Amino acid sequence: MKLLITGGAGFIGSNFILYWMKKYPQDQIVNLDKLTYAGNLENLKDVEKNPNYQFIKGDICDKQVVATAMNGVDIVVHFAAESHVDRSILSPEEFIKTNVEGTLVLLEEARKNKTRFHHVSTDEVFGSLELGTEDKFNEQTAYDPSSPYSASKAGSDHLVRAYHRTYDLPVTISNSSNNFGPFHFPEKFIPLAITNLMEGKKIPIYGQGNQVRDWLYVEDHCRGIDLIVRKGKIGQTYCLGGMTDDISNLRVAKMIAKIMEKDLDNLEYIKDRPGHDVRYAIDWTKAKNELGYFPQFSFEQYLKKTIEWYQEHEDWWKRVKSGSYQDYYKKQYGDK
Ligand code: NAD
Ligand code: TYD
C-alpha cells in the first residue's frame, strides 16, 4: 500500500509515520509537508533513509505539488493544519487558507481517482461542554466551534463529508481529543509546562486553570487512525478519546510540577484565552464497538514518560524553542 501523509513533519503526523513504518514496513509513505514553524524533519531521522519513505516539501494549497504527491497513492491520511488555538486568535487567515482551502485542494485531487481519504480532525469542532457534568462529545454532537482554529477544522470536516455525499469519495473522519507525547511542539500546554520548568520559568495558567481536557497519548491516537484506515466504514466519523476522568489544567500543571520535583510557586495565573472552551470529553463507544478501539496508555503513567522524553531530548526542544518560535512567544506571553 502507498500512503500520502500530509503534515507528516508535525507532532502527530511524525508519530504516525514512525508508528506505521514500524508496523507495516512493506508499505510506502510519501510525506507532504510545508515545514512551517511546526514542521520538524528531525522527528523523522529514524526513517529518512528508508527506501519506502519519501519526503516532499510543499504546500497542500499548491495544486501541482498535490497532484505530484498523490500520484499512485492508495490512501491519503490528512494531518496538515495550522493547529494552535492561540495563534488562530492572533491571526486567523493562515488557518482558513491551510485548513479549509488546503483540504479542498487535496479533496479535488483525490476526486480524480476516487482515492481513499482519511481526515484527521479534532473534538474542538463540537465547542464546549459544561463543567461538572457527565456529558461527552460523540459522533452525533452538533458542530459549535469557538475559535478560528476549530471553526476552520469544522469547515474542513464539512467539506470532507460533502465530497463523500456529492462525489462518492471514499472518506472517513476522526475527531480526537488533545494529544500528548514525544515531539509535541512546546507552545501547547503540556510540553510548554515541562520545558518551562526545565528552563527555570513558570507554567502559565490561563484564568483559574479549571478548564478540562480529555488527554490522549499520541500512540493511542495513531492506533485509532490505523483501525479506521483498515476497518472503518466509508462515509463514517469516529470519535477517539483517552482514558482520563476529568482533569483540570491546574491539576495537570500540579502533576507535572510534582513529577519534576518543583514547588507550586512555579505556577503563574495569567489572563484567560478569549472564547476559552471549558470542558472537552469524548465518548469513544462507536470506535470501540465497530473497530475494537480503546486507549491503552493511562494519563498519569504516560505523562511521566512524556516528561522523561523531554528530559532526554533537551537538544530537540531547545532548538524548537529558539528562532521564530521566540517571536511568537513574546507576542503571547510578553517577556515572561
Ligand atoms: P502540528 O502543528 O504539530 O503539525 C502540523 C504539520 O502540518 C506541520 O508539520 C506543518 O509544517 C504542516 N503544515 C502546516 N501547514 C501546511 C501546509 N499548508 N501544507 C503542508 N503542510 C503544512 O499539528 P499536530 O498537533 O500534529 O496536529 C495534526 C492534525 O491533527 C491537525 O489536523 C490537527 O487539527 C489534528 N488534531 C490535533 C490534536 C492535538 O492535540 N495536537 C488533537 C486532535 C486533532
Ligand atoms: P492547548 O495545549 O493550547 O490545547 P487546546 O487549546 O487545543 O485544548 O491548551 C490546553 C489547555 O491548556 C487549554 O485549556 C488552554 C490551557 N493553556 C494554559 O492554561 N496555558 C497555556 O500557556 C497554554 C498554551 C494553554
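Author: A residue is called buried when its relative accessible area is under 20%, exposed when that area is over 50%, and partly exposed in between. Please keep in mind throughout that this is a predicted model.

Reader: With those cut-offs, is E261 buried or exposed?

Author: E261 is placed in the loop between α8 and β13 (267–270), and its relative accessible area is 75%. Because exposed means over 50%, that value puts E261 in the class called exposed.

Reader: Where does D168 lie, and what is its phi?

Author: D168 lies in the loop between α5 and β6, and with a relative accessible area of 46% it is partly exposed. In this residue, which is likewise not a glycine, phi has a positive value, near 60°.

Reader: Turning to the ligand, which residues come nearest to ligand 1?

Author: The shell around ligand 1 has 11 nonpolar, 13 polar and 4 charged residues, and the elements that each supply at least two of its residues are α1 (11–23), β5 (116–122), α5 (148–167) and β7 (178–180). The largest share, 3 residues, comes from β5. Of the 28 residues around the ligand, those that come nearest are I12, D33, S83, Y149 and K153.

Reader: Which backbone atoms lie close to polar atoms of ligand 1, and how much of the ligand does the protein bury?

Author: An oxygen atom of ligand 1 is 3.4 Å from a backbone N or O atom of L35, while a nitrogen atom of the ligand lies 3.0 Å from a polar backbone atom of I60. A polar backbone atom of N179 is 2.8 Å from an oxygen atom of ligand 1. Taken alone, the ligand exposes 840 Å², and of that area the protein buries 97%.

Reader: Is K321 buried or exposed, and with which side chains does it make polar contacts?

Author: K321 is found in helix α11 (residues 314–321), and its relative accessible area is 3%, so it is buried. Its side chain makes a polar contact of 2.8 Å with the side chain of N196, and another polar contact, also given as 2.8 Å, joins it to the side chain of E199.

Reader: Which side chain makes a polar contact with that of N175?

Author: N175 has its place in strand β6 (residues 171–176), and it counts as buried because its relative accessibility is 0%. Residues that N175 touches, leaving out those up to four places away in sequence, include S121, Y143, D157 and Y238. Between side chains, a polar contact of 3.1 Å joins N175 to D157.

Reader: How exposed is E108, and which side chain does it meet?

Author: E108 lies in helix α4 (residues 93–112) and is partly exposed, with a relative accessible area of 32%. The C-alpha atoms of E108 and A9 are 23 Å apart, and the two residues are 99 residues apart in sequence. In a polar contact of 2.9 Å, the side chain of E108 is joined to that of R111.

Reader: Finally, which residues touch the most other members of the largest nonpolar core?

Author: In soluble globular proteins, nonpolar side chains tend to be buried together. The largest nonpolar core here has 71 residues, and those that touch the most other members are V77, I190, I256 and F299. Its largest share, 7 residues, comes from α1, and a second, separate core of 21 residues includes A69, A80, V105 and V171.

Methods
Residues are numbered from 1 along each chain as its sequence is written. Chains are lettered from A and ligands numbered from 1 in the order in which they are written. This is a predicted model: local features need pLDDT of at least 70, side-chain atom pairs count only at pLDDT 80 or more; totals for chains, interfaces and linings use all residues. Side-chain values use heavy atoms; hydrogens and water are left out. A residue is near a molecule or strand if one of its heavy atoms lies within 4 Å of it. A polar contact is a pair of N or O atoms within 3.5 Å; within protein, one must be able to donate a hydrogen and the other to accept it, and residues adjacent in sequence count only if both atoms are side-chain atoms. Accessible areas come from the Shrake-Rupley method with a 1.4 Å probe; for residues, only the protein chains shown count as cover. Helices (H or I, at least four residues) and strands (E, at least two) are DSSP runs, numbered from the N terminus. Ala, Val, Leu, Ile, Met, Phe, Trp, Tyr, Cys and Pro count as nonpolar, Asp, Glu, Lys and Arg as charged, and the others, Gly among them, as polar. A nonpolar core is a set of buried Ala, Val, Leu, Ile, Met, Phe, Trp, Tyr and Cys residues joined through side-chain atoms within 4.5 Å. Buried means under 20% relative accessible area, exposed over 50%, partly exposed in between (1.4 Å probe, protein chains only). Contact means heavy atoms within 4.5 Å.
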